[in-house]
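These are my notebook entries on a structure that I had not examined before. I set down each item as I looked it up.

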Amino acid sequence: MTRVQRLLEFAATAIALLAFAPGTLAQGPAPSALTLEQARALALERNPELAALAQEILATDAAVTQAGVLPNPDVKVGGDALGNARKRESGEQFVGVELQQLVELGGKRGARVKIAESDRALAGWDFAAKRADLLQRVSQSFVDVLAAQQRLALAEESTQLAGRVADAAAKRVQAGKVSPVEETRARVALAGVEVELEQARRELDGACKRLTLLWNDRASRFSRAEGSLDELRTLPPYATLAERIHDNPDLARWPSALAQRTAVLEGERAKAIPDVTVSGGVARFTTFNDYGYLLGVSVPIPVFNQNRGGILEANRRLDKVADEQRAAEALVLADLAATYARVAGLMNEIDTLRTRILPGAQSAYDAANKGYLLGKFSFIDVLDAQRTLFEARRQYLRALADYQGGVSELERLVGGPLETASIRELSK
């Protein structure tokens, strides 16, 4: 798809947004079980920031129409020596009607149209950039909800495990096998996990609200986000992604920006060419009851103002746009390199956690818990194994959430989904 086709697609989306009246953007419930695709569709349909930029596209389209309009003619009505007795007697008195039309030379009107068309294209790219930002924010917020849901499930499971350990400690205390201090320690550990459980509930509620606000819904109207954080893609080579950065709307807009500044330069050069005012009319000599015709041409003499400063300013601003384009490309490449390295590192971290750390922590916990019940290990060993297991699970969840957020950043930087790659489902 060419850049022009993509821009037309964005403009069509912008115009479709305007089918919704401003008062109806927040209406309509979200599905009870929400998917990422549904969340994106809701945001594109109802986000007020996107709707505002859609209005800007229509405004610049109207500006294109106005830029091509010809100047209005002037009508001049007047007379000579009205009320002057001497000229009345000599027959010099007359009344005339005259039309004056400004004729623009040097391509001024064409330059105005080009500037307005460039402004319209830039408005389209602004919409495209905001749309990409919104989709990235939706993806990140959706990942936050998925992570919050899994944190809540993890906290609930951790609470159950800690409760079983506390019950086991209570039974051993009742049997007189251990000191009551161990039961106290177990209850304290259980209370700490219960605090984390309540915090996980609040975090999930906040994540849901942040997501729904992206489509202007002030209440969380879905019960659950459906998706998986465990889907990992094999990253394309960095060089492949680096070649795609010009699909990023932040960079795709620069040819339109250069066209705009070029059109401004043409307009400033055209200003150095004087316009011509052509006039014509008829006059009636009242004394002789006769008529005469009036013809005239008015041309400014460009002696003092040849618009050299305006032309120089336009040249400098054109050079500035070229420099800004190179700077923007360097910034996107730097962000791409940093994000790519971070995502690749997270993939290694997830693999290590999944294949080595989590199985080892689970095995250590199971052995410590079983050994404690048999009297082979102390309760301190059980608590240490429990803390290690809980922390490993939380670290694994953080790594998954960070990875998914990093992928959404990569897609924003390259202006679209990553190349089709094999997707593998990681076992929990």
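**Entry 1. Asn307.** I began with Asn307, whose place is in the loop between β7 (290–298) and α10. The model is a predicted one, and I read every value below with that in mind. Is Asn307 buried or exposed? I found a relative accessible area of 15% for Asn307, which is under the 20% limit, so the residue counts as buried. I then looked up the backbone of Asn307 and noted a phi near 55°, a positive value in a residue other than glycine. For background, I recorded that most residues other than glycine have a negative phi.

**Entry 2. Glu268.** Asn307 is one of the residues that Glu268 touches, once those up to four places away in sequence are set aside. Glu268 itself lies in helix α9. I noted Glu268 as buried, at a relative accessible area of 14%. I also looked up a pair along the chain: Glu268 and Leu312 are 44 residues apart in sequence, and their C-alpha atoms are separated by 9.0 Å.

**Entry 3. Helices α9 and α10.** Two packed helices are described by the angle between their axes and the distance between the axes. How do the axes of α9 and α10 cross? For α9 (residues 254–271) and α10 (residues 308–373), I found axes that come within 8 Å and cross at roughly 170°. An angle over 145 degrees counts as roughly antiparallel, and α9 and α10 are therefore roughly antiparallel to each other. On the α9 side, I noted that the contact includes Trp254, Leu258, Arg261, Leu265 and Glu268. On the α10 side, the residues include Gly310, Ile311, Ala314, Leu318 and Val321. By class, I recorded 11 nonpolar, 4 polar and 5 charged residues in this contact.

**Entry 4. Helices α3 and α5.** The axes of α3 (residues 48–67) and α5 come within 8 Å and cross at roughly 170°. That makes α3 roughly antiparallel to α5. The residues of their contact divide into 12 nonpolar, 2 polar and 12 charged.

**Entry 5. Asn47.** Where does Asn47 lie? I located Asn47 in the loop between α2 and α3. Asn47 is buried, with a relative accessible area of 3%. Leaving aside neighbours within four places in sequence, I listed Leu42, Leu134 and Leu214 as its contacts. Leu214 is 167 residues from Asn47 along the chain, yet I found their C-alpha atoms separated by 6.1 Å.

Entry 6. Lys171 is found in helix α5 and counts as exposed, at 60% relative accessibility. Lys171 and Leu373 are 202 residues apart in sequence and 9.7 Å apart in space, C-alpha to C-alpha. Ser228 is found in the loop between β4 and β5. I recorded Ser228 as partly exposed, at 27% relative accessibility. Its C-alpha atom is separated by 7.3 Å from that of Leu146, 82 residues apart along the chain. Asn216 sits in the loop between α6 (180–212) and β4 (224–225), and at 25% relative accessibility it counts as partly exposed. Its phi is near 65°, a positive value in a residue other than glycine.

**Entry 7. The largest pocket.** I turned to the open space in the model. Rolling a probe the size of a water molecule over the atoms shows where empty space is left. I noted a volume of about 860 Å³ for the largest pocket. The lining has 31 residues, and Leu36, Arg40, Ser139, Arg233 and Glu411 lie nearest the centre of the pocket. The elements that give two or more residues to this lining are α1 (3–17), α2 (36–46), α5 (108–174), β5 (231–233) and α11 (379–414). Which element gives the most to the lining? I found that α5 does, with 9 residues. By class, the lining residues divide into 14 nonpolar, 8 polar and 9 charged.

**Entry 8. The whole protein.** I recorded 11 helices and 8 strands in the protein. Of the 428 residues, 39% are buried. Among contacts between residues at least 6 apart in sequence, I noted that 81% join residues at least 24 apart.

Definitions and conventions
Residues numbered from 1 in each chain as written. Predicted model: local features only at pLDDT ≥ 70, side-chain atom pairs only at ≥ 80, totals over all residues. Heavy atoms only, no water. 1 Å grid on protein atoms, 1.4 Å probe; cavity = no way out; pocket = protein on both sides within 12 Å on 5 of 7 lines; lining within 4 Å. Points joined across faces, edges and corners; volume = space filled by probe spheres on them. Helix = DSSP H or I, 4+ residues; strand = E, 2+ residues; numbered from the N terminus. Nonpolar A, V, L, I, M, F, W, Y, C, P; charged D, E, K, R; others polar. Axes fitted to C-alpha atoms, helices over the stretch in contact; angles between N-to-C directions. Parallel < 35°, antiparallel > 145°, perpendicular 65-115°, else oblique. Contact = heavy atoms within 4.5 Å. Buried < 20%, exposed > 50% of the residue type's maximum accessible area, 1.4 Å probe, protein only.
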